[in-house]
Amino acid sequence: MNPWKNLTGLSSWLMRIAGMLMIFVWFFNTFMNFNLNQPQFYLATVFLVFGVLLFAGGFIRKHSLTVVSAIVLMILSILQAYWNFNGLTDIFAQWIVMSSVFFYFVTHGNK
């Protein structure tokens with residue numbers, strides 16, 4: 001069976017939306033607490049800002065915004081996977097999946 005190449009754009013947008021949804025679910029409450037004394041606030045801010053930039057990069061013709069945002073999000077996701085590693089748990093797996101999604105955007109840009 002051949003791949004459905006006509007739906008590549010849709011799958012790319014679905015990954016952008018899924019990434020934004022996961023970032024929103026994981027970090028929005030921490031961001032809204034606005035506790036400047038907590039490092040989690042700054043981590044949440046970076047995730048939210050670069051998540052929005054990754055989404056916005058899909059509307060721009062050039063790849064640079066998408067690639068730079070995806071690099072930052074991929075590195076942070078890998079760090080989160082490392083920091084949350086306590087064996088093969090669901091949280092560790094979620095961070096690995098998220099870093100893989102962001103790696104896709106690093107390698108493909110806005111294709």
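Trainee: How many helices and strands does the protein have?

Mentor: Please bear in mind that this is a predicted model. From the N terminus on, its elements run α-α-α-α. The secondary structure therefore comes to four helices and zero strands.

Trainee: Why is the protein described as being as compact as a globular protein of its length?

Mentor: The globule rule gives 13 Å for 111 residues. The protein comes close to that value, so it is as compact as a globular protein of that length, with a radius of gyration of 15 Å.

Trainee: Are H1 and H4 parallel, antiparallel, perpendicular or oblique to each other?

Mentor: Helix H1 (residues 8-33) and helix H4 (residues 90-108) pack with their axes 11 Å apart, at an angle of about 135 degrees. Angles over 145 degrees would count as roughly antiparallel, and 65 to 115 as roughly perpendicular. H1 and H4 are therefore oblique.

Trainee: How do the residues of the contact of H1 with H4 divide?

Mentor: In H1, the residues include Met15, Arg16, Ile23 and Trp26, and those they meet in H4 include Trp95, Met98 and Phe102. The residues of this contact divide into 11 nonpolar, four polar and one charged.

Trainee: Is serine 99 buried or exposed?

Mentor: Serine 99 lies in helix H4. Beyond its sequence neighbours up to four places away, serine 99 touches Met74, Ser77 and Ile78. Its relative accessibility is 9%, and the cut-off for burial is under 20%. Serine 99 therefore counts as buried.

How values were computed: Residues are numbered from 1 along each chain as its sequence is written. This is a predicted model: local features need pLDDT of at least 70, side-chain atom pairs count only at pLDDT 80 or more; totals for chains, interfaces and linings use all residues. Side-chain values use heavy atoms; hydrogens and water are left out. Axes are lines fitted to C-alpha atoms, for helices over the stretch in contact, and angles run from 0 to 180 degrees between N-to-C directions. Helices (H or I, at least four residues) and strands (E, at least two) are DSSP runs, numbered from the N terminus. Angles under 35 degrees count as roughly parallel, over 145 as roughly antiparallel, 65 to 115 as roughly perpendicular and the rest as oblique. Contact means heavy atoms within 4.5 Å. Ala, Val, Leu, Ile, Met, Phe, Trp, Tyr, Cys and Pro count as nonpolar, Asp, Glu, Lys and Arg as charged, and the others, Gly among them, as polar. Buried means under 20% relative accessible area, exposed over 50%, partly exposed in between (1.4 Å probe, protein chains only). The radius of gyration is taken over C-alpha atoms; the globule rule is 2.2 Å times the number of residues to the power 0.38.
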